[in-house]
Amino acid sequence: MRAVCCSSLTNDNKRSINQLNEEEPFMTLTAQQIINNPFLNKGTAFTKAERDRYGLNGVLPPAVQTLDQQVAQAYAQYSQKPSALEKRIFLMDIFNHNHVLFYALFGQHVAEFMPIVYDPTIADTIENYSALFIDPQNATYLSIEDQDHIEDALKASADGRDIRLIVVTDAEGILGIGDWGTQGVDIAVGKLMVYTAAAGIDPSQVLPVVLDAGTNNESLLNDDLYLGLRKQRVYGDEYHAFVDKFVDTARTLFPKLYLHFEDFGRSNAADILDQYKDQLTTFNDDIQGTGIIVLAGILGALNISKQKMTDQVYMSFGAGTAGAGITQRIYEEFLQQGMSEDEARKHFYLVDKQGLLFDDMADLTPQQRPFARSRSEFANADELTSLAAAVKAVHPTILVGTSTVPGTFTEEVVTEMAAHTDRPIIFPLSNPTKLAEAKAEDLIKWTDGRALVATGIPAADVEYKGVTYAIGQANNALVYPGLGLGTIAATSKLLTDGMISAAAHSLGGIVDPDQAGAAVLPPVKQLAKFSQTVANAVAQEALDEGLNEDPITDAKQAVADAKWEPEYKELNI
Ligand SMILES: NC(=O)c1ccc[n+]([C@@H]2O[C@H](COP(=O)([O-])OP(=O)(O)OC[C@H]3O[C@@H](n4cnc5c(N)ncnc54)[C@H](O)[C@@H]3O)[C@@H](O)[C@H]2O)c1
Ligand SMILES: O=C(O)C[C@H](O)C(=O)O
Ligand SMILES: [Mn+2]
């Protein structure tokens with residue numbers, strides 16, 4: 001029996017499959033093992049010489065195609081698929097068979113594919129994951145009831161690859177659609193695809209992981225097809241011991257790990273980040289990634305309105321994981337711009353289920369507490385139990401929605417806000433599409449074109465009174481790939497606030513703010529380009545803070561060297 005690709009690579013002998021191909025002929029694979037390995041397979045693009053060498057003659061149709069021809073053929077098929085879900089299933093099929101082709105195709109159609117591979121279509125595939133299941137897509141499925149296999153499972157799915165990046169979810173708070181148990185694994189798969197398409201993270205160095213600690217989703221528990229653990233979600237010490245065991249095992253197996261946490265529940269997300277952030281490069285996308293993109297969007301909006309950050313009055317509608325994370329990031333920016341903590345806090349207002357949050361409320365989260373207000377500030381404090389009442393009392397200049405409640409930025413709320421500020425900054429960010437607090441088009445119309453808008457999911461341009469308003473996408477996907485690439489390229493020991501701030505500031509200067517209808521953030525079609533900008537800024541900051549493990553001096557060069565391109569390399573196995 002011949003060795004299956006790469007399983008003989010030990011942790012001490014870690015190389016990516018690409019490096020491996022280039023360096024050493026160390027094992028022989030059968031034709032079937034090659035074409036069934038998505039990291040190695042080239043399909044019809046195997047050359048004549050490769051076909052001779054690896055016994056592929058007659059195993060494939062005789063014509064030899066180029067990658068460009070394969071991309072064109074696949075895109076033509078894709079275009080015929082009648083729905084977003086079918087388009088996504090088709091692309092996943094390509095991914096399952098041939099990673100280079102998948103990423104070459106994705107790279108040529110980034111803006112078109114983002115909403116298919118990622119949000120919002122990914123929400124449909126998560127809700128229907130068990131029914132649609134075909135392939136585990138190199139993910140690791142860890143169960144709280146089977147912790148003895150954590151190490152084996154991580155090793156088996158990594159299959160000897162040099163894992164540098166894990167996206168892990170426990171799926172308690174998938175986007176705004178709630179608890180999806182094991183089915184949430186797709187968010188880890190999808191986020192990783194965006195890392196590679198946007199920033200060129202080597203796909204052989206990544207691993208999607210789901211931590212299945214049960215689910216409180218009754219529809220899943222009652223679904224015969226459900227593929228996860230059929231029990232109520234576990235919380236408290238038992239849950240944290242499970243997370244600890246996963247993190248300890250993963251960092252031991254993969255010592256250069258960048259660990260990205262995604263869509264954990266409100267009661268766990270911030271605690272887990274605090275627990276690990278000073279130990280290894282830990283990133284919480286919903287807290288930190290969203291904080292970066294919203295700060296970048298606000299900086300972009302202020303560039304257009306020519307206003308100062310420290311003159312703004314900020315209101316968060318929905319102060320959970322993302323809402324509180326964004327608030328903290330904007331608050332830090334106020335401090336960075338020279339304001340004292342006490343002065344800065346006066347600019348922030350949180351509205352959640354209870355209405356405006358006050359410091360005498362017993363049910364505040366630790367992240368909400370520092371921004372809760374005193375009732376004595378308002379004559380009618382007890383009446384401020386709705387967004388409309390809070391907006392009327394506070395007159396915010398910035399309103400960010402992370403509430404998961406659709407349509408809550410009503411015409412009444414928006415016109416009241418716009419009555420007290422020239423250029424209201426309004427970001428309805430709840431995902432997917434069906435949960436957004438408002439539509440971009442309505443915000444532009446209700447404010448007669450004055451609102452500076454960004455949305456969580458892609459929004460079409462808005463034509464209004466002869467001006468075309470481009471709508472920025474304030475989705476963390478615009479920054480987390482560059483942040484990850486920069487951090488990994490710099491071999492940074494930690495991910496610091498300084499690196500996070502550098503990422504947010506690096507997105508400025510890409511959009512021309514003087515163009516009528518300019519967007520507050522750069523367009524998704526330039527995602528690959530500005531991911532590089534973010535990566536360079538982050539890597540430079542890591543070096544400036546002396547966080548690099550390897551002796552790197554040139555941040556840009558390190559980023560360029562770390563970047564993977566979807567090209568067929570000569571197989572040498
Ligand atoms: N655009 C982005 O990049 C981005 C990033 C992260 C999260 N999000 C979106 O933000 C939303 C929230 O995500 P999260 O991770 O913070 O979830 P979360 O559950 O941690 O927070 C949601 C918050 O909204 C509050 N809420 C619920 N109903 C409300 C109501 N009627 N009025 C006011 N507040 C209410 C909840 O109490 C909670 O505090 C989701 O829809 C998610 O998709 C967007
Ligand atoms: O996944 C997204 O589209 C962004 C964000 O992380 C979310 O949870 O909504
Ligand atoms: Mn998320």
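Okay, let's start with helix H22: the cover over its buried residues includes helix H15 (285–305), helix H16 (321–336), helix H21 (480–489) and helix H23 (527–544). Cover here goes by contact, heavy atoms within 4.5 Å, and buried is under 20% relative accessible area, exposed over 50%, partly exposed in between (1.4 Å probe, protein chains only). Helices (H or I, at least four residues) are DSSP runs, numbered from the N terminus.

Quick caveats: this is a predicted model, where local features need pLDDT of at least 70 and side-chain atom pairs pLDDT 80 or more, while totals for chains, interfaces and linings use all residues. Side-chain values use heavy atoms, without hydrogens or water, residues are numbered from 1 along each chain as its sequence is written, and chains are lettered from A and ligands numbered from 1 in the order written.

Back to H22, residues 497–506: seven of its 10 residues are buried, among them Met499, Ile500 and Ser506.

Now the active site. The unreviewed UniProt entry puts that annotation on Tyr118 and Lys191. Positions are in the numbering used here, feature names are shortened, and annotations may be inferred rather than shown by experiment.

Tyr118 sits in the loop between H7 (110–117) and H8 (121–127), while Lys191 is in H11, residues 185–199. Buried or exposed? Tyr118 is buried, at 2% relative accessibility, and Lys191 is buried with a relative accessible area of 2%. Beyond four places in sequence, Lys191 touches residues including His260, Glu262 and Asp285.

Notes:
Helices (H or I, at least four residues) and strands (E, at least two) are DSSP runs, numbered from the N terminus.
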